[in-house]
Amino acid sequence: MRTIGNLLWFIFGGFFMGLAWWLYALLAFVSIVGIPWGRACFVLGKFAFLPFGREAINRRELTQRGDIGTSVFGTLGNIIWFILAGLWLAIGHIITACFLAITIIGIPFAIQHIKLAGIALAPIGKTVVDIEIANAARRANADARVASMRR
């Protein structure tokens, strides 16, 4: 089912939005200073090409430890990203979602574009993993919180 969803997705907007992500990645890499943003764009561009069966998750939530992308520097990077590119990618995903939501068959694709629009606003500190891995990480975090509350 994931393969069929990804194939239909690729045809109905995923290809063009994935290219938009990769275009911003190339622009970021050219600037040298934007390499961290470019790396995130390539990861999320690949996700924008074929999103079904995978999920974007905060790295802190996945690994249960922080890194530079999930710290204050990541927040600062997301603010800069939002101003320079994030808003425009989000608008592209929203417009595509509006067109897809007109038809019943396009509604699941529209929902995925809305999710990608949210990710486009703040991609630093996120990574893409299989849905099963994201659910396992969330379950482990919940178990750790419950265990700490019981103490």
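Me: Before looking at helix packing here, what do the axes and angles refer to?

Reply: Axes are lines fitted to C-alpha atoms, for helices over the stretch in contact, and angles run from 0 to 180 degrees between N-to-C directions. Please keep in mind that this is a predicted model.

Me: At what angle do helix α1 and helix α2 pack, and how far apart are their axes?

Reply: In general, a pair of packed helices is described by the angle between their axes together with the distance between those axes. In this structure, helix α1 (residues 2–30) packs with helix α2 (residues 35–49) at an angle of about 170°, and their axes are 8 Å apart. Because angles over 145 degrees count as roughly antiparallel, α1 is roughly antiparallel to α2. Sorted by class, the contact of α1 with α2 has 19 nonpolar, four polar and two charged residues.

Me: What is found in the loop between α1 and α2?

Reply: Most residues other than glycine have a negative phi. Isoleucine 32, which is found in the loop between α1 and α2, has a phi near 65°, a positive value in a residue other than glycine.

Me: Is isoleucine 32 buried or exposed?

Reply: Isoleucine 32 has a relative accessible area of 60%, and since exposed means over 50%, isoleucine 32 is exposed.

Me: How do α2 and helix α5 pack, and which residues make the contact?

Reply: α2 and helix α5 (residues 107–121) pack at an angle of about 175°, with their axes 11 Å apart, which makes α2 roughly antiparallel to α5. Leu44, Phe47 and Ala48 of α2 make the contact with Gln112, Leu116 and Ile119 of α5, and the residues of this contact divide into five nonpolar, one polar and no charged.

Methods: Residues numbered from 1 in each chain as written. Predicted model: local features only at pLDDT ≥ 70, side-chain atom pairs only at ≥ 80, totals over all residues. Heavy atoms only, no water. Helix = DSSP H or I, 4+ residues; strand = E, 2+ residues; numbered from the N terminus. Parallel < 35°, antiparallel > 145°, perpendicular 65-115°, else oblique. Nonpolar A, V, L, I, M, F, W, Y, C, P; charged D, E, K, R; others polar. Buried < 20%, exposed > 50% of the residue type's maximum accessible area, 1.4 Å probe, protein only. Contact = heavy atoms within 4.5 Å.
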